[in-house]
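Here's a quick tour of a protein chain, written for someone who is new to reading structures. Have the picture open while you read, and go back to it whenever a residue comes up.

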Amino acid sequence: MAATPDPEERSTAGPRERRAIRNEIAARRVNERIAQIEARGRIASDGPEPGPSAAFVCECAEPDCRGRVRLDAALMARVHAEPDRFVVCPGHERAEFERVLFEVDGYPVVEKSALRT
Ligand SMILES: [Zn+2]
């Protein structure tokens, strides 16, 4: 007699993938804060331009990743307009969980199909 299929197994996102998604969403929250602070700094300062890019954290699945993504805050905001898209350092994409859509300034933008369901 066949074993009852584990509902977890049948779900599009397994436990490992869900942990990965949690890490990525946490990194994304950090980056949304960085973007807010960056935007406020630009409005507040009348001095020299604060520079074209902000230092965001890598939004990959690795909880210990210390990667930095130097990207224009407006570009980051455009990626974040889609809730299932994340910017990672080159080489940090995980083919088993996500698919690279395109690159912004050399950083891969990945899509988590599991978040679409
Ligand atoms: Zn990373």
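## Ground rules

Let's begin with contact: two residues are in contact if their C-beta atoms, placed from the backbone, lie within 7 Å. With that in hand, look at methionine 76, which is in contact with Asn31, Ala35, Phe56, Leu71 and Val87 once neighbours within four places in sequence are left aside.

You're looking at a predicted model, where local features need pLDDT of at least 70 and side-chain atom pairs count only at pLDDT 80 or more, while totals for chains, interfaces and linings use all residues. Residues are numbered from 1 along each chain as its sequence is written.

## The overall layout

The chain has three helices and five strands. Both kinds of element are DSSP runs numbered from the N terminus: helices are H or I runs of at least four residues, and strands are E runs of at least two.

What share of the 117 residues is buried? Buried residues make up 24% of the chain. Here a residue is buried if 20 or more other C-beta atoms lie within 10 Å of its own, exposed if 12 or fewer, and partly exposed in between, with the C-beta atoms placed from the backbone. As for contacts between residues at least 6 apart in sequence, 52% join residues at least 24 apart.

## The sheet

Strands of a sheet pair through backbone hydrogen bonds, either parallel or antiparallel. In this model, three strands form an open sheet in the order E3-E5-E4, with antiparallel pairing. E3 and E4 are the edge strands, each pairing on one side only. From one strand to the next, the twist averages 30°. To count as paired, two strands need at least two bridges found between them by DSSP.

E3 and E5 are joined by three bridges, and E4 and E5 by five.

How well covered are E4 and E5? E5 is mostly covered, with four of its five residues buried. E4 (residues 99–104) is hardly covered, and its count of buried residues is zero out of six.

## The core and helix H3

The largest nonpolar core has 19 residues, and Phe56, Val69, Leu71, Met76, Val87 and Val88 touch the most other members. Helix H2 (15–44), strand E1 (54–57), strand E2 (68–71), helix H3 (73–80), strand E3 (85–87) and strand E5 (107–111) are the elements that give two or more residues to this core. A nonpolar core means a set of buried Ala, Val, Leu, Ile, Met, Phe, Trp, Tyr and Cys residues joined through C-beta atoms within 7 Å. In soluble globular proteins, nonpolar side chains tend to be buried together.

Now find H3, which lies across E3, E4 and E5 and runs at about 150° to E3. That angle is taken between N-to-C directions on a scale from 0 to 180 degrees, using axes that are lines fitted to C-alpha atoms, for helices over the stretch in contact. H3's buried residues are Ala73, Met76 and Val79. They sit on the same side of H3 because they cover an arc of only 115° around the axis. The arc is that of the directions from the helix axis to the C-beta atoms.

## The turn and some exposed residues

E4 and E5 form a hairpin with two residues between them. Aspartate 105 is in the loop between these strands, and its phi is near 50°, a positive value in a residue other than glycine. Most residues other than glycine have a negative phi. Is aspartate 105 buried or exposed? Aspartate 105 counts as exposed because it has 12 C-beta neighbours inside 10 Å.

Glutamate 103 is in strand E4 and counts as exposed, with 11 C-beta neighbours inside 10 Å. Not counting residues up to four places away in sequence, glutamate 103 touches Pro108 and Val109. Last stop: arginine 116, in the segment after E5. Arginine 116 has 10 C-beta neighbours inside 10 Å, so this residue counts as exposed too. Its C-alpha atom is separated by 8.8 Å from that of proline 83, which is 33 residues apart from arginine 116 along the chain.
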